[in-house]
Amino acid sequence: MDRRQDGAPEAPRARHRAKYLALIGALVALVLAVSAGIYVTAGGGDHATGGALADGRPHRDSSAAPVSTGTWVGSWASAPVGGEPGTEAAGLAGRSVRNVVHADAGGTSARITLSNLYGQTPLDITHATIALSAGDATAAADADTMRRLTFDGATGVVIPAGEQVVSDAVHLLVPHGTDVLVTTYSPTPSGPVTYHPHARQISYVATGDRTADATGAPYTRRTPYWRYLTALDVLSNEADGTVVVFGDSLTDGITSTVNANRRWPDVLGDRLRSALRSGQRLPRYSVVNEGVSGNQVLTDGLGRPAENQSGLGRFGRDALARTGVKVVVVDLGVNDILRDPHLDGPDRILAGLRALVREAHARGLKVVGATLMPFRGHRGWTPAREAVRQQINAQIRAGRVYDAVTDFDTALRDPYDPRRLRPDYDSGDHLHPSDLGFARMAGVFDLHSLRGAGQAQL
């Protein structure tokens, strides 16, 4: 007779079954724990920090950080341009530098890049923090968001001359369109401070180590520069890649309103996000600005390393190496026309632009290029330079340079004199746009041109 049917003892079988199920449960728990550990390690060496202590110092959060998902993209970027005048001997020793930057894409974690490209000695950063701004045009931080940054697990880092470093990731909810404060402190002289001079954003400096100060009160010195900081990346669920806008002062936004984020790449990022919210089928990309005022395709500035390095020289660092880059938008060439005393036609400039495209194609990236806008009325305008501009634009429009074209020339020129900017799009110097002109540039950019990885045959 079957003992399972006549009520015979079942205890041994039950005990064996219970032990078997417990073993399976333990194995599943172990696999999940190991997987979570691998994920957090791969997520960027995150050393999470919590809020602030009563005395304002950020504390390290000892609780397990929640596992985040998403894609690392660029939320803000700026090219290193040169060594800041007046800092050749002492750098900014004994001072805290609080950079204010505007996040394009939002995310759940953040990391930064610091550059000592133009330093002549190692840069010793003993403390660095990141926080959301407490409001517009202020050095004050939202105290609950203050995070201590680490570098390979250490609170400080030494950056060799000519090098850069990327911080560990910290868990920080960064909403898109938010101002972010990144603060560094260096106790010792470092030589020339690597900076971006035309930030169009006010940042701040304080005496002493005030990296963890949330009040903003010690930050009594205002500055129009960004120092050391060249990138803010976020782990994002709203963007799958990055658009890098690579250009000169027209991209740098040299005549845009300070603290207003009205450079044309800023407006482009807002426009792309609005289009996605409205349901348009477009790539989910962030937009970062790698414009440098005075930049040329072919010619470096002075110094070693060269200040205001040529577009060809800096393209790998400032465009191709950006986090999550999918598309590069190029708006360069006007300064090559304006500053070449031996202007010999468009061929060398066009060859330089095509070389940029080949470099991007080698990385599988699409390149959207802009026609060169008019500048009659500017002190550098001549009929010969106008002829070269027109010849370059003809090649761009014909599809012989880029994968896709945005025609800024047609969009911003004066219909009564196409060699000039339309008056309401002109900042007044007849070369750089007004805020309205920058908005027009972003407005005519074909968002659908961001699709695809490109590999045009030129």
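Q: Before we look at this model, what counts as a helix or a strand here?
A: Helices (H or I, at least four residues) and strands (E, at least two) are DSSP runs, numbered from the N terminus. The model is predicted, so local features need pLDDT of at least 70 and side-chain atom pairs count only at pLDDT 80 or more, while totals for chains, interfaces and linings use all residues. Residues are numbered from 1 along each chain as its sequence is written, and side-chain values use heavy atoms, with hydrogens and water left out.

Q: OK, where is Arg 389 found?
A: Arg 389 lies in helix α7, which covers residues 383–397.

Q: Is Arg 389 buried or exposed?
A: Arg 389 is buried (under 20% relative accessible area, with exposed over 50% and partly exposed in between, for a 1.4 Å probe and protein chains only), because its relative accessible area is 0%.

Q: And what is Arg 389 in contact with, leaving aside neighbours within four places in sequence?
A: Taking contact as heavy atoms within 4.5 Å, Arg 389 touches Ile 337, Leu 372, Met 373, Pro 374, Phe 375, Asp 409, Pro 418 and Arg 419.

Q: Switching to strands, why is β19 called largely enclosed?
A: Six of the seven residues of β19 are buried, so the rest of the structure largely encloses this strand.

Q: Which sense does β19 take with β17, parallel or antiparallel?
A: Pairing requires that DSSP finds at least two bridges between two strands, and β17 and β19 pair in the parallel sense over six bridges, with Val 327 of β19 as the bridge partner of Val 243.

Q: How many bridges join β19 to β20?
A: Four bridges join β19 to β20 (residues 366–370), and these strands run parallel, with Val 329 opposite Val 368 in β20.
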